[in-house]
Every structure is written in structure tokens, then in C-alpha cells.
Amino acid sequence: MAIAALKPLEQRLRRLILARQPPFTGRLITSPGEAIDLGATPRILFVRAERIGDVLVSVPVIRAVRRRYPGATLDLLVSTANAGVEPGLARWIDHVWRYQKRFGSTVRLVRELRRARYDLIVDLAGGPSVTSRFVATWSDADRVLGLLHEQAGLLTHAVPRLDPRRVHIVECTAQLLLAFGIDPAGADLSLEYTLTDTERARARARLPASSRPLRLGVNVSGRGPDKYWGRENFIAAIRMIGQLDARFTVIVCGAPDYQDEVSAIAAAAGVDAIPPLPRFHDFAAMVSACDLLLTPDTCVVHLAAAWRIPMVGLFRAEPNTTPWTPYDTPHRAIVHDGPLAGVPPIRVALEMADLIDRRFDRPTGDAGW
């Protein structure tokens, strides 16, 4: 059966499984004083099996728990879709499990999770998750913590879920800290992604040589056709942006499956292309070498936040949540109702001009665009 045919079947099965969730009957935690008693050295498994960006916005919670329980065992379960983020979290995590959705590997994973004897499973997702339900059911853990949502029957402990239409996803997820005796209002919620000096130097060495002091990175890859801005839009915007400030050299990059688009856009716009890198960690290091970014709504948004790189982002309007903009980072968010291909390049260029004027001092006598 073709993959395209399998996807609707998988989605129907997912809805069926989640529809059978019983109502939440556990303990609701609303303040740090109601924290779970975990002892000094608990064994905790965090579950975040969606996309790379989902893991990146969860780092503040994992980091705060590590600081609160320095002697704890903190493990993370991811999927094949976001396993590439593992090296950037090594500072806070002891071990990373990978859920591959294949029978043989799943059986082995269940055995390993049972042997680990976790004191607490933490579901980092903000809504119903088949993977979280699977882990909670088969890991044999006595306690499962998560955000309170409409299908939270698998949870033994929950914290209130803030309104995702008004509150950033980072702050929504940080509510989980209440269960560890930590007030999220006073916690460090900054994003981070760890790179060594050697990794940063290797990334800079891969970049095309330039006499210009600043670098604008343009990420063209988006998650699905509705989040791809389009070849002609990128070309037009890069040409306009090239006139804004002569100090910037432009590089075009993207995920491996966007290699043809990266090459075509860079060639037509007369700028350099970065060949797609197979390892996400290497791609992240390249992003860290940029001074300014242009990207659709992907994990690059959260990498920008990790290093506080100013960026212009393209976001689709969602009915039940605010855009996942870069947290606590200078940015301009262009929110569009419909596929991103409908955003005119001039709008992006104008937002970029404003961001450059506000974040980068111009040389005396340079009037700009």
C-alpha cells in the first residue's frame, strides 16, 4: 500500500484511540506547594515525539527539572522525526530513547522502558498524544504528568493548561514546573541549543567566503506545501533585501528534501547556497553562524530564539493557537490566513527593512533602502 494511502488510515486509527480516553480523575496541581513527592534522585522520562521544534520549546522545562534535581535520571523519548535534536540536549539529558513505530523495535522499547522503572512519565505535549498514551500504558510507571486537556485520562497528575490562543507555547509548557515545586513565573524560560566551539568553527568554515561583515540566512524549507513560500517569492524577496544594507551577504539553506529549491533560488537570486546537510545538528550549527534570519514556521524559528538571532518569520494563522514565534527574541512575525505562498515579497522586504533599522546600527551617512 502506498504511503499516501496509509496516512489517512493512520489518522483515523489515531482518532479512534484518542476517542476512547477516559476523563481525567487524577490530582490537579495548581501551585508549587502541591508538588509531587519524588525524593532526591527520581527517575523521570520526558515524552516529546512530534517535531524538532516541539522538543526545542520544551528545553526550559527539562533544564529547570535538572537544576531542581541534580541527582535525578532524566531521559527523553523522541521519534524518528525529531531524533536529530539529541546532541543539542546532551547537557541536560542522560539518555534518549527513539520510538520508531515498527513492531520489533517497539517490543524492545517496551522492555527497556519497563526495566528502567521510571518514577514519573512527563507528557510534554499540550494535547492528546497516541505516543504518550502508549508510553504511559506500557512503561509500568505509577505516575504520569501532563497538561490538563480534554482527553487527559491517561494522566495521574496534571497542571492547568493556559490558553494557547493568548499564551506562548513556551510558557504553556512551563506550567509543568508546578509539579516539581518550581514557580514558572520566576523560572528561566530561555531556549537553548548546545554547540561546542569546534562545531561552531566547523560551521563557519563551511560558509562561503565573504568580505561583508554580516550574514543573512534564508531558510526555504517549510513543513508541507502550505508552509512553503514559493520559489519566485523567495527570489523576489532576496533581490529586494539585497538593496537594504550592503553589509549583509545572503546565504540560502534548507532541509535535504529541499535541495533543488535551495540551488534554484540561490542561482536565480545571485547569492550563495549551502548544500543541505544530512545531520540536523550540523544544520543547526550553520544557523548559529547567521546574524539575521528569514524563515517560514519551522524549527529554525526556535534555533533563532536559542541564540537570540533577529528574524523575520512567515506563519500561517491557526484558529486555536498563537503562532510559535521565536520566544523572547527580536523578530517580525508575518501571520497569513491561508497558504504562505500568498504573502507578497514586498511585505517581507518591508518587515526586514524595519528590523534591520532597529537592530543593526548603520554606518554614518548610509541612508539604506
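Here are some questions and answers about a predicted model.

Q: At what angle do helix 7 and helix 10 pack, and is that roughly parallel or roughly perpendicular?
A: Two packed helices are described by the angle between their axes and the distance between the axes. Here helix 7 covers residues 197–206 and helix 10 covers residues 280–288, with axes 8 Å apart. The angle between them is about 75°. Angles from 65 to 115 degrees count as roughly perpendicular, so helix 7 and helix 10 are roughly perpendicular.

Q: Which residues make the contact of helix 7 with helix 10, and how many of them are charged?
A: On the helix 7 side you'll find E199, R200, A203 and R206. Helix 10 brings H281, D282, A285, M286 and S288. Sorted by class, the contact has three nonpolar and two polar residues, and the charged ones number four.

Q: What is the phi of D140, and is D140 buried or exposed?
A: Most residues other than glycine have a negative phi. D140 isn't a glycine, yet its phi is positive, at about 70°. You can find D140 in the loop between helix 5 (130–138) and strand 6 (144–147). Its relative accessible area is 54%, and over 50% counts as exposed, so D140 is exposed.

Q: Where is D328 found, and what is its phi?
A: Look in the loop between strand 12 (311–316) and strand 13 (331–336) for D328. D328 is exposed there, with a relative accessible area of 54%. D328 is a residue other than glycine, and its phi is positive, near 55°.

Q: Is D245 buried or exposed, and which side chain does it join in a polar contact?
A: D245 sits in the loop between helix 8 (231–241) and strand 9 (248–253). Its relative accessibility is 2%, and anything under 20% counts as buried, so D245 is buried. A polar contact of 2.6 Å joins its side chain to that of R247.

Q: How are the rings of Y228 and F234 arranged?
A: A pair of aromatic rings is described by the distance of the centres and the angle of the planes. For Y228 and F234, the centres are 6.1 Å apart and the planes meet at 35°. Planes under 30 degrees apart count as stacked and over 60 as edge-to-face, so this pair is tilted.

Q: How are the rings of W229 and F234 arranged?
A: The centres of the W229 and F234 rings are 5.0 Å apart. Their planes are at 85°, and over 60 degrees is the cut-off for one class, so the pair is edge-to-face.

Q: Are Y228, W229 and F234 buried or exposed?
A: Y228 has a relative accessible area of 15%. W229 comes out at 0% relative accessibility, and F234 is at 0% too. The cut-off is under 20%, so Y228, W229 and F234 count as buried.

Q: How many aromatic pairs are there, and which residues do ring pairs link into a cluster?
A: The count of aromatic pairs comes to nine. Ring pairs link up a cluster, and its members are Y193, F280, F283 and W307.

Definitions and conventions:
Residues are numbered from 1 along each chain as its sequence is written. This is a predicted model: local features need pLDDT of at least 70, side-chain atom pairs count only at pLDDT 80 or more; totals for chains, interfaces and linings use all residues. Side-chain values use heavy atoms; hydrogens and water are left out. Axes are lines fitted to C-alpha atoms, for helices over the stretch in contact, and angles run from 0 to 180 degrees between N-to-C directions. Helices (H or I, at least four residues) and strands (E, at least two) are DSSP runs, numbered from the N terminus. Angles under 35 degrees count as roughly parallel, over 145 as roughly antiparallel, 65 to 115 as roughly perpendicular and the rest as oblique. Contact means heavy atoms within 4.5 Å. Ala, Val, Leu, Ile, Met, Phe, Trp, Tyr, Cys and Pro count as nonpolar, Asp, Glu, Lys and Arg as charged, and the others, Gly among them, as polar. Buried means under 20% relative accessible area, exposed over 50%, partly exposed in between (1.4 Å probe, protein chains only). A polar contact is a pair of N or O atoms within 3.5 Å; within protein, one must be able to donate a hydrogen and the other to accept it, and residues adjacent in sequence count only if both atoms are side-chain atoms. Rings of Phe, Tyr and Trp (its six-membered ring) pair if their centres lie within 6.5 Å; planes under 30 degrees apart count as stacked, over 60 as edge-to-face and the rest as tilted.
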